[in-house]
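Subject: Structure handover

Hi,

My notes follow below it.

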Amino acid sequence: MMTLVLGLLSISGLCAVLALLLEAAYAVFADYGPCRITINEGAKEFTVKGGGRLLGTLMDQGVFIPSACGGRGSCGLCKVTVLQGGGPILPTETPYMNDEELRRGTRLSCQVRLRGDVQLQIPEAFFLIKEFRTQVVGLKPLTPSIKEVHLKLIEPQEIVFKPGQFIQFQVPEYEGSSEPVYRAYSIASPASLKTEIKLVITRVERGIATTYIHDFLKEGDEVLINGPYGDFYLRHSNRPMVMIGTGSGLAPLLSILFQMADEHIDRPCTLYFGVRSRQDLFYQEEIHQLMGMLPRLRYVPVLSQPLAEDHWDGETGYVTDAVARGVSDGSQLEAYLCGNPLMINAAVKLLTERGVSEDRIFFDKFG
Amino acid sequence: MENPLSAPLIFFASIFTNNILLANFLGMCSFLAISREIPSAVGLGLAVTFVMTCTTALNYLVYHYLLVPFQLVHFRFIAFIVVIAAFVQLVEMVIDRYSPRLYVVLGVFLPLITVNCAILGVCLFMVIRQYNFVQSVAYGFGGGLGWLLAIVALAGIREKLKKAPIPKALEGPGISLIVAGLMALSFMAFSGMISMG
């Protein structure tokens, strides 16, 4: 017994001494001093404490780079061009880069550690991205697994975005996550509504963010968001449109349709909305209201597994099956897709086979 | 009873006649993985040498001034590994600070020095062979340099082999193991010169 106690004490003491030694070494070696960040040839410049990751450091300075995974190097969204500094590219970054990006010095900002002065090139649009303090003013279940989160902006009070874009939602520390995490969600509300936004969020089994939003978030809670991000938005042309959405992928499409109604953009448009059964169809009232404002909007709900009590006589099967039946010649079409990667890949393949040019297919793929 | 071999003799023996890698085959995984190019092999070899020398010295002190007096020698594996792990973290910090490129090249093998059995092996041999402090440090330093010599030699040979017509089935680890075996055979020629016990 004595040996055991002595042994534990000795090993614990040894560990404590070594831990102190490492802490002291960290204070010396991980101190990179002040580092200067220059963005877009001096358009923005600031001096920050070195040692941190570029993504977080830029965020602290009010420059928000899109990142759906919250800096874990798994979404590949937080790309910036590092013209000088930044060190060698890491094996965690190369899978997200093509040859051209590698040549230009594109890096994942979440993987770059700030060890000295750096010069960056980032799209001007990122400067418009802000952090917003918001308050939850409504939580509405749309289907058994999808919830509408209605946020009112507190500070700044207005957001300017292109319908189709997304924001990052900060999930604070809670029992399911020991640190704040960020997740990307498309804005479902019209851009004309500048003081509030609506998000449509599907519960993901054991998902850190969606579990928090579905089980813990309450009306009145304050939420931090930043954005807007993304290049999924309405292109101005006179081409007929096809929109394909599955589940919560309806959100950005709905926002685009609201924009078309607001701006009186009267283009022929067919909206395909794929879900499992009738209970999963949501925002039906809003879609019918939009059909009243957009005479050339056609709506095709598609159920993949209709229940007996659904008494469904509409389209069935995968949403792409319905598109295959509905689109024969796509040579003049412009397509907007939002949903899971399998649907997007299948839809892009189908549409290109039907003659839709790849540069006229725009999509927002849920990772 | 203390080992009768002198420290300089132990130092040279641990490099040539009793090379920890080629005589005891310890630390093989990083030896095979980081021996594609000489610069990274030199970097890892130097890191292993530094860790081996420092941890041998520290582990000698831990063993003789902590574990032996309290009759806790059966805790030596835990104690030695803790010291090695702490030192590897220190080395990681230093390399990350002063040679980010080497830090990237070494990648996962840098923290894996912690479980490089050559380092634990040297610490355990030091105890079994009853070296004193100076002998232990000489053995640790020599052992590290011996490992460095072996990995740099293999990296040199592998660089030459890039242009050699190797049968498809033997490319990569296959030919590396054969080369390592031939190197071990050639080092056997030294083995009769000094017996380290």
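Which residues lie nearest the centre of the second largest pocket? They are A:Arg53, A:Leu90, A:Arg115, B:Tyr103 and B:Val104, out of 20 lining residues.

First, the conventions. This is a predicted model, where local features need pLDDT of at least 70, side-chain atom pairs count only at pLDDT 80 or more, and totals for chains, interfaces and linings use all residues. Residues are numbered from 1 along each chain as its sequence is written, chains are lettered from A and ligands numbered from 1 in the order in which they are written, and side-chain values use heavy atoms, with hydrogens and water left out.

The pocket

A pocket here is an open set of points on a 1 Å grid over the protein atoms alone, where a 1.4 Å probe fits, with protein on both sides within 12 Å along at least five of seven lines; lining residues have an atom within 4 Å of a point. The second largest pocket has a volume of about 360 Å³ (the space filled by probe spheres set on the points, which are joined across faces, edges and corners). H4 and H5 of chain B are the elements that give two or more residues to its lining. H5(B) gives the largest share, three residues. By class, the lining has nine nonpolar, five polar and six charged residues. (Ala, Val, Leu, Ile, Met, Phe, Trp, Tyr, Cys and Pro count as nonpolar; Asp, Glu, Lys and Arg as charged; the others, Gly among them, as polar.)

The interface

Contact (heavy atoms within 4.5 Å) takes in 22 residues of chain B and 21 residues of chain A. The two chains bury about 2,000 Å² between them, 80% of it on carbon and sulfur atoms. Buried area is the accessible area (1.4 Å probe) lost on putting two parts together, summed over both. B:Met93, B:Arg97 and B:Val104 supply 28% of what chain B buries against chain A, more than any other three residues.

Two salt bridges cross the interface (side-chain nitrogen of Lys or Arg within 4 Å of a carboxyl oxygen of Asp or Glu). One pairs A:Arg115 with B:Asp96, at 2.2 Å, N to O. Helices H3 (38-67), H4 (76-98) and H5 (100-106) of chain B each supply at least two residues to the side that touches chain A. H4(B) gives the most, twelve residues. Helices are DSSP runs of H or I, at least four residues; strands are E runs of at least two; both are numbered from the N terminus. That side of chain B has 16 nonpolar, three polar and three charged residues.

Backbone checks in chain A

- A:Glu155 to A:Pro156 is a cis peptide bond, omega near -15 degrees. A:Pro156 lies in the loop between strands E7 (146-155) and E8 (166-171).
- A:Gly227 to A:Pro228 is also cis, omega about -5 degrees. A:Pro228 sits in strand E11 (222-229).
- A:His264 is not a glycine, yet has a positive phi of about 55 degrees.

Best wishes
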